[in-house]
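Hi,

Here is the structure I promised to pass on.

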Amino acid sequence: MKNNINMMNKIVCFSFFLLIFFSCKHHENEYHSITDKIEAESKNYQGTSISSEAHIGDLKTIEITEGEHTFLIPERKSQIKSYACTECHTKPLAQMQSKDFKKAHWDIKLDHANENTMNCVTCHNPDNMDHLKSLTGNTIDFNHSYNLCNQCHTKQFEDWKGGAHGKRIGGWAPPRASMTCVNCHNPHKPHFESRWPARFNTQKVKERE
Amino acid sequence: MSNNNKKWFSLNLGKKEHVSSSSCSCGKTSGGCGGTSKAHDMTDDEFAEAAIKASIGEERTKDGFEQVFDVKMDRRTAFKKLTASLLIGAGAVSTSCNVISGDESKEKAQIDWEEQFKGNYKLMTDEERQATVDRLVRSYQLRTGKTINMSSKNAEEDVLFGYAFNISKCQGYMDCVNACVEENNQDRNSEMQYIRIHEMKDGKGFNFNEADDNYYHEVPAEGHFYMGTQCFHCDNPPCVEVCPVQATWREDDGLVVVDYDWCVGCRYCMAACPYDGRRFNWSKPEVPEEAINKNQHYLGNRMRKKGVMEKCTFCVQRSRAGKNPACVEACPTGARIFGNLLDPNSTIRWVLENKKVFRLKEDLGTEPKFWYFMD
């Protein structure tokens with residue numbers, strides 16, 4: 001008799017624990033937060049079949065590797081209308097400033113940092129017009145002009161490498177293609193102009209009157 | 001239709017059985033309205049009785065459990081049900097009553113009929129989804145003579161969409177809003193817009209009460225910053241919870257979507273959303289024919305009707321194809337970043353791991369997948 005009661009007790013206890021165990025285990029909120037979920041579910045990330053290659057289209061790109069990031073940026077030299085520069089710059093600059101030559105680059109007005117910091121030769125090399133030059137005089141290719149910008153704009157460079165700065169081309173899916181500095185910023189006048197918003201909602205005004 | 005076989009039509013004023021008489025509104029006593037001659041000899045009461053008996057039959061006396069689990073469905077019952085539904089529905093399919101109407105209008109009526117009684121998109125199989133999309137495309141073609149491209153693409157494995165917004169980059173140009181309206185076929189009459197750009201005073205924090213989301217002056221304005229809000233595609237969305245008909249749900253890739261054909265327009269979700277992310281079609285949405293974006297998705301930018309909810313879907317028709325949403329693509333400052341949260345190498349993941357990010361009303365536990373950050 002006593003055994004029986006003991007047995008009964010055990011069974012009751014056991015089923016009680018079972019009940020508690022299963023009632024606590026619900027799958028709906030498996031993770032405590034979205035960050036946990038992202039972390040857990042991305043552990044076995046296999047990659048997707050979606051690619052943004054088609055959306056990049058015919059854009060000519062070059063692949064660059066900066067730190068641990070490898071991605072595509074638009075090719076630049078073929079986009080510069082008057083490249084190569086030496087096609088016009090056949091003589092030293094001093095001689096080309098005479099009146100016998102057609103005026104060029106009249107529309108460029110430098111509005112980038114102040115006069116103490118920058119002028120034309122901070123980036124351009126009068127002895128080697130086809131390339132840019134770093135602050136220490138090293139040659140920088142026009143296709144990799146971001147190396148010129150990142151001499152001063154180090155924070156933006158870090159963000160750009162990671163993807164927090166600079167717009168994506170194509171789509172979100174790999175392969176990653178990002179705009180390079182000069183695709184959005186005019187290097188001679190890098191700030192964004194103020195302008196009127198693209199839209200004004202007249203209905204909302206009526207609604208709120 | 002009246003009981004004494006009149007040759008003219010008269011309204012059934014003062015009679016009780018409107019239901020049965022409206023079951024065939026064609027008013028004819030002969031010809032192809034789909035009704036059999038037997039039906040015409042009946043009184044309204046008898047007709048209703050017969051129709052109901054034929055369609056649901058003995059289920060009337062059964063309780064809910066039996067109706068669902070104890071249904072015998074042999075070929076005979078199936079045919080019986082089919083004919084009965086056709087009989088009752090003939091009124092709705094009024095054009096098919098018409099002997100002179102062409103094949104096209106009959107097909108249109110057939111499509112309308114099938115669309116009317118389709119199920120919830122969430123519960124459909126892939127074939128059913130494809131079928132409804134095909135019907136909608138065909139219907140559009142019949143009505144306008146133009147072909148649209150509609151997708152029923154499901155969520156991809158290993159994808160969870162997330163969004164980041166750089167509040168120090170946004171200049172308030174509102175190019176995103178325009179792109180969104182054009183991409184998503186939003187009502188031009190009521191000037192509906194999913195995205196709101198709030199102009200906020202520096203030093204006042206996120207004060208939405210004092211922010212202006214409909215400014216019109218040169219931007220960026222001195223002493224102000226701009227932040228955009230839209231649907232945040234919460235991982236624990238309160239709008240989904242409150243929907244009485246399950247017309248809105250969270251897809252596996254994290255998108256919170258609406259089945260516009262299942263929505264009853266109760267606007268519970270609008271009230272439940274803490275972020276003002278949902279919009280309601282108070283009037284018949286109108287988009288000029290030439291402005292319609294013909295690249296559509298069933299859950300995304302297909303044409304809506306009056307009285308249903310809609311909202312940002314992260315441009316499901318674009319994002320599931322690998323493109324960025326229209327707002328991301330239109331932003332001239334690169335303030336908007338979109339990507340796959342499950343891909344450890346994606347740019348959105350880098351932003352979340354390396355920038356100081358925050359979300360709106362994080363304490364609510366809604367887990368929005370829309371982060372803000374600063375340079």
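**What I found**

Let me start with one pair of residues: A164(B) sits opposite W371(B), the latter in strand β12(B). Keep in mind throughout that this is a predicted model.

β2 (residues 161-166) and β12 (residues 370-373) of chain B run parallel to each other and are joined over four bridges. Zoom out and you get an open sheet of four strands in chain B, ordered β10-β2-β12-β11, where the pairing is mixed. At its edges are β10 (336-340) and β11 (357-358) of chain B, each of which pairs on one side only.

Now for the helix on that sheet. α14 of chain B (residues 347-354) lies across β2, β10, β11 and β12 of chain B, and makes an angle of about 110 degrees with β10(B). How many of the eight residues of α14(B) are buried? Six of them are, so the helix is largely enclosed by the rest of the structure. The buried ones are T347(B), I348(B), R349(B), W350(B), V351(B) and L352(B); note that an arginine, R349(B), is on that list.

What covers them? On the chain B side, the cover includes β2, β10, β11 and β12.

The contact draws 44 residues from chain B and 41 residues from chain A. On the chain B side, the elements giving two or more residues are α9 (175-183), β10 and α14. So β10(B), an edge strand of the sheet, and α14(B), the helix lying across the sheet, both turn up again in the surface that touches chain A. By type, the chain B side splits into 17 nonpolar, 14 polar and 13 charged residues.

Finally, a few words on chain A as a whole. Its secondary structure amounts to nine helices and six strands. The radius of gyration is 31 Å, well over the 17 Å that the globule rule gives for 209 residues, so chain A is more spread out than a compact globule. Along the principal axes, its C-alpha atoms fill a box of roughly 120 × 55 × 40 Å. Buried residues account for 17% of the 209 residues in chain A. Of the contacts in chain A between residues at least 6 apart in sequence, 50% link residues at least 24 apart.

Cheers

Notes:
Residues are numbered from 1 along each chain as its sequence is written. Chains are lettered from A and ligands numbered from 1 in the order in which they are written. This is a predicted model: local features need pLDDT of at least 70, side-chain atom pairs count only at pLDDT 80 or more; totals for chains, interfaces and linings use all residues. Two strands pair if DSSP finds at least two bridges between them. Two residues are in contact if their C-beta atoms, placed from the backbone, lie within 7 Å. Axes are lines fitted to C-alpha atoms, for helices over the stretch in contact, and angles run from 0 to 180 degrees between N-to-C directions. Ala, Val, Leu, Ile, Met, Phe, Trp, Tyr, Cys and Pro count as nonpolar, Asp, Glu, Lys and Arg as charged, and the others, Gly among them, as polar. A residue is buried if 20 or more other C-beta atoms lie within 10 Å of its own, exposed if 12 or fewer, and partly exposed in between; C-beta atoms are placed from the backbone. The radius of gyration is taken over C-alpha atoms; the globule rule is 2.2 Å times the number of residues to the power 0.38.
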